[in-house]
Each structure stands twice: as C-alpha cells, then as structure tokens.
Amino acid sequence: YLTCHDTQRGDLAATSILLVWVFDAVRKTKCQQACFFLDCCHSGLPLDASMRGIADHMTDTEFATFFGGSEYQVAFAACKPDESSHSAVTLSHGIWTYHVLRALRGEDISLLDKGRFLTAWSLQNHLAIEVPRTLRTTVALPTRQTPCVFGNATADFIIADLKPLLDARQASLASQPKAPRDALFAVERFGTIKKLSGFKRHHTVPESANAATQRFVASISEQELKQHADRVLEA
C-alpha cells in the first residue's frame, strides 16, 4: 500500500492506495513506457535483475533511436523489501531522492551516457553506489539501504535527454560577468614625504632609498593608501 496522511493502520484497504492497483491500471492502458520513483519502504514486490548495459560505441543519434522505442514499465525504489528508506537533515531530503534529483537535474555529469542521456541502467548503477556511501556519512548507526529496480523492460531505456538543460545552463554561465581571481593595482604618485599624513615632527626625511626607508614611507602613508584603495574599489 501507499500510505496517505490520513491512512489508518487498522483499515489499510479503505484508507490507503493499493500499489498493485496502480500498476495494474498502467498495464491496462496503451502506454508502453511508464516509470515510477518510489522513495518508501516496500514489500512483496518482485525485484528485476535483468536490466542490461548500453552500447558505448553508438553516436548520440543512434543511441536515442535504438533505445527510444524500448517498452518498459518499471519502478525505481529507494530500498529492498526488508530495509528502510533513510533521510538526512543536512540534505533536506531522503538520501535516495536527493541523488535521484541531482541526476535528473544533470548535476552528476559522470553518470550520463554520451554526456547527455540519463538511462535506467546508468541511474541504477549510480544510486547503488552513492546511496550507501552517503548513508555511511550521514546516519550514525550502521544500517543498510539498497536501491533497486523492478518491473519489465525490453531493453535499457532513456529516462531523460538532458542536453537542452545542460546547454541552457552553460549559456547562462557564459553570459554572466566573470570576476577576476586575482587583481593587482599599481600607481605612482610624486610629492614630498613631509606632506604624508603619518609624518610627525620628530621624523627625519630619509636621505637615501633602501628597504628600511621604504618601510618607513609605507607606514606613514597608510592613510593615503587606504583612501586610494577605497576610491578604486568604489569605481
């Protein structure tokens, strides 16, 4: 069952949604491509280990054409039947959902086939690695959460072609002004040392230029340097 906010434990049939009913309803339609994402604890559902890999030698167009006609009715689930789906306060999400959303937003480029296609196989492999890894660093007590996929698929299939999203993101970044990582401003100004704000009556005007006199002039011109730097920053 899929429980709701007002589900009654003593009357699941009348106050929750039978998951098998949802799947049966989808199977009776003419839709040959259905994909579910379930971040919940599930039980009594058969796991499907028949998902196969993809051909790396294909071009983008061949890849899209080959897998675009795949028939599938599958569900990705956050954990195995005897496990729990965990959340992390630091992620503001369930751990599994956090990684699914990152994948759908194209924030984990390494898992995309051809640099653009999110497929069932690439997503499942990614979740199988990242969810346990994140679980170890965010949950205090030792526990297990194994992402899985079940259902039927004639071949691996494309969940999303993220190229338009990635291109739009790249264009947005390219249009933004880039701040320099490092900046150096140099200026020369000539005048008498006695007119510097830090020069006092007991000071003596240096007779030669050396490291010591450079440090002295730098110390008594601190106010002028600050004012100049402020003007440059404001400009």
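What follows is a chat about a predicted model of one protein chain.

Colleague: Hi! What should I keep in mind about where this model comes from and how residues are numbered?

Modeller: It is a predicted model, with local features needing pLDDT of at least 70 and side-chain atom pairs counting only at pLDDT 80 or more, while totals for chains, interfaces and linings use all residues. Residues are numbered from 1 along each chain as its sequence is written, and side-chain values use heavy atoms, with hydrogens and water left out.

Colleague: Thanks. How many helices and strands are there in the protein chain?

Modeller: The protein chain has eight helices and seven strands. Helices (H or I, at least four residues) and strands (E, at least two) are DSSP runs, numbered from the N terminus.

Colleague: And what percentage of the residues is buried?

Modeller: Of the 235 residues in the protein chain, 31% are buried. Buried means under 20% relative accessible area, exposed means over 50%, and partly exposed is in between, with a 1.4 Å probe and protein chains only.

Colleague: Let's zoom in on helix 2. Which of its residues are buried?

Modeller: In helix 2, residues 19-27, the buried ones are L19, V22, F23 and V26. They cover an arc of only 95° around the axis, which puts them on the same side of helix 2. That arc is taken from the directions from the helix axis to the C-beta atoms.

Colleague: Why would residues three or four places apart point the same way?

Modeller: An α-helix has 3.6 residues a turn, so residues at that spacing point the same way.

Colleague: Nice. What do the buried residues of helix 2 pack against?

Modeller: They pack against strand 1 (33-38), strand 2 (72-77) and strand 6 (148-153). Contact here means heavy atoms within 4.5 Å.

Colleague: Now helix 4. Which residues are buried there?

Modeller: In helix 4, residues 95-104, the buried residues are I95, W96, T97, H99, V100 and A103. What covers them includes strand 1, strand 2, strand 3 (87-88), strand 4 (93-94), strand 5 (117-119) and helix 5 (120-138).

Colleague: Which residues have the most contacts inside the largest nonpolar core?

Modeller: Those are F76, W96 and L118, in a core of 23 residues. Strand 2, helix 4 and helix 5 are the elements that give two or more residues to this core, and helix 5 gives the most, with five residues. A nonpolar core is a set of buried Ala, Val, Leu, Ile, Met, Phe, Trp, Tyr and Cys residues joined through side-chain atoms within 4.5 Å.

Colleague: What is L118 in contact with?

Modeller: Leaving aside neighbours within four places in sequence, L118 is in contact with A103, L104, L111, L112, L123, F157, I158, I159, A160 and L162.

Colleague: Changing topic: which loop holds K114, G115 and R116?

Modeller: K114, G115 and R116 lie in the loop between helix 4 and strand 5. R116 is buried, with a relative accessible area of 17%, whereas K114 is partly exposed at 29% and G115 is partly exposed at 38%.

Colleague: How far apart are the C-alpha atoms of R116 and G106?

Modeller: They are separated by 8.2 Å, with the two residues 10 residues apart along the chain.

Colleague: Where else do you see a positive phi?

Modeller: Most residues other than glycine have a negative phi. K114 has a positive phi of about 60° although it is not a glycine, and phi of S92, also not a glycine, is positive and near 60°. S92 lies in the loop between strand 3 and strand 4 and is exposed, with a relative accessible area of 60%.

Colleague: Last one. Which residues lie nearest the centre of the largest pocket?

Modeller: R189, L196, V217, S221 and L225 lie nearest its centre, out of 15 lining residues. The largest share of the lining, four residues, comes from helix 8 (residues 222-234).

Colleague: How is a pocket defined?

Modeller: On a 1 Å grid over the protein atoms alone, a pocket is an open set of points where a 1.4 Å probe fits, with protein on both sides within 12 Å along at least five of seven lines, and lining residues have an atom within 4 Å of a point.
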